[in-house]
Amino acid sequence: MIISKQITPYIVYYEDSIQHALQKISSNTRRLVYCLSETGVLEGLVTDGDFRRWVVSTQEINLQKPVQQITNTSFVWVREGEPPEKIEALLSNKITSIPIVDEAGRLIAIAWREEPVLRFGNHEIRHEKPAFLIAEIGNNHNGNIDLAKRLVELAAEAGADCAKFQLRDMESLYANSGEAVSEDLGSEYTLDLLKRFQLSVDEMFEILDFTRQCGMVPLCTPWDLASLARLDEYGLEGFKIASADLTNHALLEAAAKTGKPLLLSTGMSLEQEIQDSVALLKQQGASFALLHCNSTYPAPMSDINLAYLDRLKEISQVPVGYSGHERGFEVCIAAVARGAKIIEKHFTLDRNMEGNDHRVSLLPDEFATMVKAIRNVEEAIGSSSTRTISQGERLNREVLAKSLVAAREIRKGEKISEEMIIARSPGRGLQPSRLNDLLGISACRDMSPGDVFFESDIMGESAQPRPYSFDRPWGIPVRYHDFRELTQDVPMDFVEIHFSYRDLDLDPSSYFSTPSSLGLVIHSPELFAGDHVMDLSSEDDAYRARSIAELQRVINRTRDLKRFFPKTERPLIIINAGGFTSDHFLPEAKRQVLYNRIGAALAEVDSEGVEIIPQTMPPFPWHFGGQRYHNLFMDHTEIARFCEKYGTRICYDISHSKLACNYFGWSMQHFTRDVGKYVAHLHIVDAKGHHDEGLQIGAGEIDFESLARDLKQWSPGISFIPEIWQGHKNGGEGFWIALDRLEKSFSAQPLAEVIG
């Protein structure tokens with residue numbers, strides 16, 4: 001059992017909407033909320049089950065009604081002061097939480113049958129979350145509050161989640177009121193530093209407030225009961241207990257009774273002492289985590305024993321972390337790789353300043369490097385689930401791997417034998433390992449030598465195009481060479497021709513003999529000869545000039561094509577405008593400079609008769625089969641600002657922008673709302689995580705029903721293609737599957753009918 005005073009994620013007020021309650025239920029991981037009156041008096045609770053029962057019984061589902069209407073007022077509760085064993089006896093498989101109220105009936109804590117999420121501010125300490133990174137400033141401010149504030153600012157800039165300090169009441173903590181009388185030399189030195197470098201209580205509260213203002217969680221180590229009481233009264237949301245106090249059961253018990261989360265370092269303690277303290281904290285219903293630590297300054301690498309993290313987690317059954325006093329930060333990175341979910345490292349401006357901790361502290365740039373390395377390692381750790389192929393691997397597999405292809409002409413109905421099949425690159429069809437799956441089946445189509453075998457050859461049929469009904473014009477992406485095959489007898493509105501840089505040198509009349517009734521959209525190449533990736537924002541004048549010249553070639557070729565597509569007077573040209581970097585994202589100020597360069601570059605080209613539309617981008621684009629960082633046309637507010645400033649519209653790539661929303665924690669609905677009126681064209685395709693783009697509809701995470709409603713509202717009538725990666729293979733099978741699935745969401749029904 002855990003008793004927690006972190007009740008904010010689990011409470012709503014009677015007048016809050018049902019929708020607000022559902023949002024809290026979904027986000028707090030416990031699937032319930034407690035309902036309070038305006039004065040905080042506990043009135044009832046709402047669970048998933050309560051909501052479902054209300055939906056079934058009501059005739060009008062209105063999520064804006066007050067949550068009071070669905071509140072369950074029959075529940076188990078206890079008053080504060082009840083012994084923990086009595087509260088624990090009330091918990092069961094059915095009753096997993098019990099609210100604790102004060103004499104006035106106000107909710108003050110919740111007892112959980114299982115450990116709730118350990119939370120500091122917005123940071124949750126659990127397996128699937130990033131490690132909580134603490135800049136331990138301690139007394140490295142040397143008693144100067146201005147220096148303390150500067151350290152906080154630099155810690156925030158370096159990427160710390162938390163800045164931590166220390167507070168001592170010298171009179172209650174030390175004999176002789178902290179006077180270094182008849183002390184050993186070590187104690188005398190330490191006491192002298194502490195007396196000179198302590199911040200006052202008021203100064204401490206000021207710096208904790210300042211830490212919040214800088215966007216970090218403020219924490220502090222109370223070294224005595226008086227300091228604990230002052231910090232609790234101040235409202236600090238959790239406490240760090242130093243290694244020296246792990247065996248101080250009186251302090252541990254008092255800290256546990258605050259109901260706030262605790263972090264405890266385990267340096268200088270024997271395993272039995274750790275177990276005794278863990279037992280005490282669990283008996284008190286405390287929510288806590290343990291930090292492995294070697295309390296030597298600096299700690300020799302041979303004494304750190306990172307392997308003990310595993311044992312610490314085993315004996316405590318709580319989250320574990322690492323508090324490091326060694327030189328450098330390699331051990332912290334290794335600790336995260338071994339499962340540490342909290343990292344604490346001392347932080348200073350100058351290791352030569354007076355005081356023990358400075359010598360084992362990281363400088364701001366070192367801390368920032370550590371943060372970046374830890375985040376990279378966390379991303380690389382991944383999971384032990386089934387092995388899948390990344391987007392970059394898919395690209396390289398297509399280029400480098402082999403496919404099974406016809407070795408000779410094969411007639412429909414002919415039984416396939418081994419001598420009819422060979423393995424050849426590229427790898428866009430069945431892998432060679434699928435050979436036995438083909439042997440003995442009857443060919444479902446005529447095949448020429450070199451034709452690729454696909455999954456549909458085993459299944460006996462492939463998806464075929466048909467008339468589709470959408471609420472907006474639709475088309476498919478094509479290349480010169482497959483235009484006729486993919487558009488023949490398919491009633492689409494337009495095609496989006498994807499150019500390679502080699503296509504710019506081809507004569508269009510070799511592929512288009514007569515004018516087409518279809519509309520025309522062009523997708524510009526991103527890669528040009530000599531490994532040149534278009535970047536209209538490059539700070540290299542020569543590189544940017546070449547990008548502008550290549551874009552002009554695309555415009556000129558588009559004008560040539562208009563004679564074959566007379567239906568379209570002003571074709572759209574989709575571009576990836578540039579703004580990528582090799583190993584990091586750029587800050588907003590630098591991004592704005594790049595946007596301005598793109599605006600200037602677009603003004604340089606002769607765009608008469610066409611409209612250039614930059615495409616929304618993912619955070620991690622793939623260039624040459626490897627990953628880079630993108631900076632522009634990702635943030636919906638920046639996109640809207642650019643479009644307003646330069647009178648530009650965009651191609652809204654749903655897959656790209658979903659990846660950006662996932663990575664940066666944005667709402668896809670808000671993204672669509674903010675860019676909606678600037679959208680000239682859509683790429684509709686699925687996505688997953690931070691990297692996987694171009695997925696088949698339904699293979700990723702996008703809610704297409706919701707997306708369809710949002711686009712009907714904010715981008716009505718805008719054209720789209722299903723830009724499925726490798727959708728053109730096997731006669732466009734991927735496109736026909738996507739269109740079939742999208743039709744269910746993007747039907748030609750009126751918006752009111754779709755919303756229902």
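## Where helices α4 and α7 meet

In this predicted model, the residues I145, A148, K149, V152 and E153 of α4 meet E203, E206, I207, F210 and T211 of α7, where a contact means heavy atoms within 4.5 Å. By class, the contact of α4 with α7 has 5 nonpolar, 1 polar and 4 charged residues; here Ala, Val, Leu, Ile, Met, Phe, Trp, Tyr, Cys and Pro count as nonpolar, Asp, Glu, Lys and Arg as charged, and the others, Gly among them, as polar. Helices (H or I, at least four residues) and strands (E, at least two) are DSSP runs, numbered from the N terminus.

The axes of α4 (residues 145-158) and α7 (residues 201-213) come within 10 Å and cross at roughly 20 degrees, which makes α4 roughly parallel to α7. Axes are lines fitted to C-alpha atoms, for helices over the stretch in contact, and angles run from 0 to 180 degrees between N-to-C directions; angles under 35 degrees count as roughly parallel, over 145 as roughly antiparallel, 65 to 115 as roughly perpendicular and the rest as oblique.

## The sheet of 8 strands

An open sheet is formed by 8 strands in the order β12-β11-β10-β17-β16-β15-β14-β13, and the pairing is parallel; two strands pair if DSSP finds at least two bridges between them. At the edges stand β12 (217-222) and β13 (239-241), each with a single partner strand, so one side of each is left without a neighbour in the sheet. From one strand to the next, the twist averages 25 degrees.

Within this sheet, strand β16 (residues 320-324) is joined by 3 bridges to strand β17 (residues 342-346), and the two run parallel; the bridge partner of G324 is K345 in β17. Helix α7 packs on the sheet, touching β11 (162-167) and β12, and the direction of α7 makes about 175 degrees with that of β11. Helix α12 (residues 308-316) lies across β15 (288-293) and β16, running at about 150 degrees to β15.

## The sheet of 4 strands

Another open sheet has 4 strands in the order β1-β7-β6-β5, with mixed pairing, and its edge strands, β1 (2-4) and β5 (78-79), each pair on one side only. Strand β5 pairs with β6 (residues 97-101) in the parallel sense over 2 bridges, and R79 stands opposite V101 in β6.

## Backbone details in the loops

A cis peptide bond, with omega about -5 degrees, joins Y297 and P298, and P298 lies in the loop between β15 and α11 (301-304). A cis peptide bond also joins S425 and P426, with omega about 0 degrees; P426 is found in the loop between β19 (421-424) and α16 (435-438). Although Q317 is not a glycine, its phi is positive, at about 60 degrees, and Q317 lies in the loop between α12 and β16.

## Confidence in the model

The predictor's confidence in each residue is given as pLDDT, from 0 to 100; the mean for the protein chain is 90, and 94% of its residues reach 70 or more. Over residues 750-756, pLDDT stays under 50, and the model has 6 contacts beyond four places in sequence for this stretch. Where pLDDT is low, the predicted coordinates should not be read in detail.

Residues are numbered from 1 along each chain as its sequence is written, and side-chain values use heavy atoms, with hydrogens and water left out. As the model is predicted, local features need pLDDT of at least 70 and side-chain atom pairs count only at pLDDT 80 or more, while totals for chains, interfaces and linings use all residues.
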